[in-house]
Protein chains: 2
Amino acid sequence: AKKNTNIFSNRGMTLEEDINETNTFYVKANKAVIYKKPTPVQIVKVNYPKRSAAVITEAYFKQASTTDYNGVYRYRYIDFEAKETKNKTLFPLANIHEHQIDHMKAVVDHGGISFIIIRFAAHDETFFLPAEKLFLHWNVKLNGGKKSIAYETIQEEGYIIPFQYKARIDYLAIIDELYF
Amino acid sequence: AKKNTNIFSNRGMTLEEDINETNTFYVKANKAVIYKKPTPVQIVKVNYPKRSAAVITEAYFKQASTTDYNGVYRYRYIDFEAKETKNKTLFPLANIHEHQIDHMKAVVDHGGISFIIIRFAAHDETFFLPAEKLFLHWNVKLNGGKKSIAYETIQEEGYIIPFQYKARIDYLAIIDELYF
Ligand SMILES: [Mg+2]
Ligand SMILES: [Mg+2]
């Protein structure tokens, strides 16, 4: 499914920055309501100084139990994960946790649209891979097979998301084609 | 819309605890996929000690720009806020921020189901109020009118959520009746 139209190439932004900017554009243009979930943090100590804001002085990063982004588009629930890799030839499945797969399966079960956005930094390319295809590779891994998805496989099974000016990573355009 | 069936009364849990427990039950029973979003935190300083987990040593609470909970149920996007008040006679609209109202309006625009769960702690009662009804009261406030919703009004316009054994606050039962 490759169709590289990288007129606007990566401006040195991370995938997360690109997606956040895209989501902000979607919300402002009243196209969709999709946000990144806040980073889950286990708060241990908080100071409440007089006359100023509470300060968290001890906290720890918690493992996310779901995915990075969710929201609503054209009456459908949208739920996805974003991952960037420096690897040129494959996407290691170790980047994804089992509970995230379980979550994505539950989302699909309940009628949501779920997928993963994978950026190959070395190729300056970003792909949309439907959750259903990810599950197949995950099962191969569970059955003792390959622990990664080859770059070529993602080119074939995924959909490239071209860099654009306003919606940097216009993944809704892919959703329009695949799910409506 | 009052129908008080508080056989299982409040066990001293906060509304947030009740909803989290309910959502956990929904996920385990494969009934819905709805989670609380993590508390948004602005992380300023992180220490990376050798051989142990990263410690956040300075962080601040950020204002939430959206709502507390979202997810998917019966193919529909679900998005809601939860608020507890000690007030016996009214729910102060100061508990809600304008950007949260904007967010809920956008959700409804895009076909999501949005509402607020309000607990009157003094009455040990929890109500489901559809976003559309909340918007009307918000507009009254914007136009210089009342800055709160009377308890009696919430009894009339909202739907009481009885305490239950497994799904503590079974708000999906209300959604089944109102939206399907
Ligand atoms: Mg991610
Ligand atoms: Mg709340």
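Author: Buried means under 20% relative accessible area. The model here is predicted.

Reader: Fine. How many aromatic pairs are there over all chains?

Author: A search of the whole structure finds 23 aromatic pairs. In one of them, A:F115 and A:F128, the ring centres are 4.2 Å apart and the planes are at 20°, so this pair is stacked.

Reader: Where do A:F115 and A:F128 lie in chain A?

Author: A:F115 is in strand β7 (residues 113-120) and A:F128 is in strand β8 (residues 125-130), so the pair ties together parts that are 13 residues apart in sequence.

Reader: And A:F115, buried or exposed?

Author: Buried: the relative accessible area of A:F115 is 0%. A:F128 also counts as buried, because its relative accessibility is 0%, under the 20% cut-off.

Reader: What about A:F120 and A:F127, stacked or edge-to-face?

Author: Edge-to-face, with 6.2 Å centre to centre and 80° between the planes. A:F120 and A:F127 are both buried.

Reader: Which residues do ring pairs link into a cluster?

Author: The cluster consists of A:F25, A:Y26, A:Y69, A:F80, A:F115, A:F128 and A:Y171. The stacked pair of A:F115 and A:F128 is therefore part of that cluster.

Reader: Switching to charges. What sits over the ring of A:W138?

Author: The charged end of A:K141, at 4.2 Å from the ring centre.

Methods: Residues are numbered from 1 along each chain as its sequence is written. Chains are lettered from A and ligands numbered from 1 in the order in which they are written. This is a predicted model: local features need pLDDT of at least 70, side-chain atom pairs count only at pLDDT 80 or more; totals for chains, interfaces and linings use all residues. Side-chain values use heavy atoms; hydrogens and water are left out. Rings of Phe, Tyr and Trp (its six-membered ring) pair if their centres lie within 6.5 Å; planes under 30 degrees apart count as stacked, over 60 as edge-to-face and the rest as tilted. Helices (H or I, at least four residues) and strands (E, at least two) are DSSP runs, numbered from the N terminus. Buried means under 20% relative accessible area, exposed over 50%, partly exposed in between (1.4 Å probe, protein chains only). A charge sits over a ring if NZ of Lys or CZ of Arg is within 6 Å of the ring centre and within 35 degrees of the ring normal.
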